[in-house]
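Dear colleague,

Please find below the structure that I am handing over to you.

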Amino acid sequence: MARAGSSAPGTPATVALVAAGIPFTAHTYAHDPATTNYGLEAATALALDPDRVFKTLLADADGRLVVGIVPVTEMLDLKSLAAAVGAKRAVMAEPALAERKTGYVVGGISPIGQKTALPTVLDETAALWPTIYVSGGRRGFDIELAPDDLLRITGGRLADIAR
């Protein structure tokens with residue numbers, strides 16, 4: 001796996017990965033503006049098993065924002081996410097708040113290089129793959145990296161948070 005080359009979009013995510021010395025591969029594809037299921041679009045465009053492509057979601061857990069990363073084929077289990085971060089309850093964050101806190105647009109929110117560092121939980125199924133795909137910080141751009149490297153750069157942890 002190589003670091004992003006000059007053909008990779010420069011996003012806060014790629015900048016953070018290069019600065020941390022974490023290997024990754026950048027993958028771009030043509031985003032269809034009519035698409036709203038961004039993760040499945042990425043899996044299809046990149047000819048990947050969709051269980052290996054993960055989406056980044058933000059939730060409000062007892063008044064604090066947290067990041068949940070789950071396969072695009074699954075939904076975020078808010079009760080499990082709350083338990084994983086020691087909260088009693090979690091609800092999905094408003095999209096405008098997610099964009100403001102991360103610095104990314106919905107459909108292109110990367111778990112890496114967010115404006116505000118947030119507690120991060122990666123679904124445990126990520127450990128089944130040598131590498132996984134997450135948004136690189138814009139629609140039509142995914143980053144492939146090892147799950148352990150994603151946890152290292154985000155300060156995250158694994159938990160069963162998908163349903």
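I begin with D62, which is found in the loop between strand 2 and strand 3; helices (H or I, at least four residues) and strands (E, at least two) are DSSP runs, numbered from the N terminus. D62 has a positive phi of about 50° although it is not a glycine. At 47% relative accessibility, D62 counts as partly exposed, where buried means under 20% relative accessible area, exposed over 50%, and partly exposed in between (1.4 Å probe, protein chains only).

Please note that this is a predicted model, in which local features need pLDDT of at least 70 and side-chain atom pairs count only at pLDDT 80 or more, while totals for chains, interfaces and linings use all residues. Residues are numbered from 1 along each chain as its sequence is written, and side-chain values use heavy atoms, with hydrogens and water left out.

Overall architecture

The protein has 5 helices and 8 strands, and along the sequence they follow the pattern α-β-α-β-β-α-β-α-β-β-β-α-β. Its radius of gyration is 14 Å, close to the 15 Å that the globule rule gives for 163 residues, so the protein is as compact as a globular protein of that length. This radius is taken over C-alpha atoms, and the globule rule is 2.2 Å times the number of residues to the power 0.38. The C-alpha atoms fill a box of roughly 45 × 35 × 30 Å, taken along the principal axes. Of the 163 residues, 48% are buried. Among contacts (heavy atoms within 4.5 Å) between residues at least 6 apart in sequence, 61% join residues at least 24 apart.

The nonpolar cores

A nonpolar core is a set of buried Ala, Val, Leu, Ile, Met, Phe, Trp, Tyr and Cys residues joined through side-chain atoms within 4.5 Å. The largest has 24 residues, and L58, L122, V134, L145 and L150 have the most contacts inside it. Two or more residues of this core come from each of helix 1 (12-20), strand 2 (54-61), strand 3, strand 6, strand 7 and helix 5. A second, separate core of 15 residues includes A61, V85, A87 and A90. Leaving aside neighbours within four places in sequence, L58 is in contact with residues including L65, V66, V67, M92 and I109.

In helix 5 (residues 147-154), the buried residues are P147, D149, L150, L151 and T154. They pack against strand 3, strand 5 (120-123), strand 6 (132-138), strand 7 (141-145) and strand 8 (157-159). Just after helix 5, G155 takes a positive phi of about 70°.

In helix 2 (residues 38-45), G39, E41, A42 and A43 are buried, and the buried residues of this helix pack against strand 7. A47, in the loop between helix 2 and strand 2, has a positive phi of about 55° although it is not a glycine. A47 is exposed, with a relative accessible area of 71%.

A buried loop residue

V72 lies in the loop between strand 3 (64-71) and helix 3 (78-84), and counts as buried at 6% relative accessibility. Not counting residues up to four places away in sequence, V72 touches G39, L40, P50, V53, F54 and K55. V72 and V53 are 19 residues apart in sequence and 6.0 Å apart in space, C-alpha to C-alpha.

Yours sincerely
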